[in-house]
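This briefing is for a reader who is meeting the structure for the first time.

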Amino acid sequence: MGVATGAYGLSFGALAVAAGLDTWQAMALSLLMFTGGSQFAFVGIIANGLHAAPAAIAASSMLGIRNGLYALELTHLLGARGPRRVAAAHLTIDESTAVAVAQDDARTSRLGFWVTGLTVFVLWNLTTLVGTVLGSHIGDPRTYGLDAAACAAFTALLWPRLRDRDAVAIAVLGAVVAIVLSPTMPPGIPVVAAAAASLLAWRTPRREAP
């Protein structure tokens with residue numbers, strides 16, 4: 001998961017330089033913001049002008065809300081205090097959360113969170129640096145399938161958990177909502193909408209079979 005996600009930092013670094021940022025500015029975004037969706041939205045504003053700001057800000061805000069919801073899930077699971085709590089907040093992203101909640105006990109959940117979060121953080125920043133330095137030399141990272149690497153890793157995490165018809169139905173519902181909304185909505189919003197639809201389906205009471 002860390003390698004799959006970290007590799008896509010190449011794309012951010014290359015796009016940041018193409019949008020007019022220098023290497024230090026791109027690195028500051030990856031070190032301090034450290035949330036891919038919001039970073040791409042920020043670069044999109046710079047590259048496309050202020051008319052792109054409303055959609056980019058909306059997408060970034062939705063992504064921020066999503067990470068806040070992750071924190072509610074992880075607070076009791078991690079039990080972090082003091083500086084570790086600050087570090088945990090910074091590392092609370094899709095990947096670290098997904099690995100943490102996929103484990104069967106609290107100890108391995110905590111281990112999964114920290115290993116995944118730190119791996120993604122280190123590799124994301126390293127590949128951002130490489131992307132800014134090489135820039136035009138590496139071409140479009142999508143050519144190498146890097147844009148699909150993180151999705152493939154998430155699918156690998158999800159697949160073993162589809163153990164019954166209800167889980168499969170909820171996964172299909174989330175996928176359909178995301179696919180339908182993706183062509184017309186800003187990046188990030190289809191994912192949040194799909195998650196909300198899946199959560200509602202999961203929480204809906206079911207009638208007992210006669």
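Valine 43 touches Phe12, Leu15, Ala16, Ala19 and Leu21, leaving aside residues up to four places away in sequence, where contact means heavy atoms within 4.5 Å. This is a predicted model, in which local features need pLDDT of at least 70 and side-chain atom pairs count only at pLDDT 80 or more, while totals for chains, interfaces and linings use all residues. Residues are numbered from 1 along each chain as its sequence is written, and side-chain values use heavy atoms, with hydrogens and water left out.

**Nonpolar core**

- The largest nonpolar core has 19 residues, of which Phe12, Ala16, Phe34, Val43, Ala88 and Phe113 touch the most other members; such a core is a set of buried Ala, Val, Leu, Ile, Met, Phe, Trp, Tyr and Cys residues joined through side-chain atoms within 4.5 Å.
- Two or more residues of this core come from each of α2, α3, α5 (53-78) and α8, and α8 gives the most, with four residues.
- These helices are DSSP runs (H or I, at least four residues), numbered from the N terminus.

**Aromatic pairs**

- The structure holds three aromatic pairs, meaning rings of Phe, Tyr and Trp (its six-membered ring) with centres within 6.5 Å, where planes under 30 degrees apart count as stacked, over 60 as edge-to-face and the rest as tilted.
- One of them is the stacked pair of phenylalanine 12 and tryptophan 124, at 6.3 Å centre to centre with 25° between the planes.
- Phenylalanine 12 lies in helix α2 (residues 9-18) and tryptophan 124 in helix α8 (residues 106-134), 112 residues apart.
- Both phenylalanine 12 and tryptophan 124 are buried, that is, under 20% relative accessible area, with exposed over 50% and partly exposed in between (1.4 Å probe, protein chains only).
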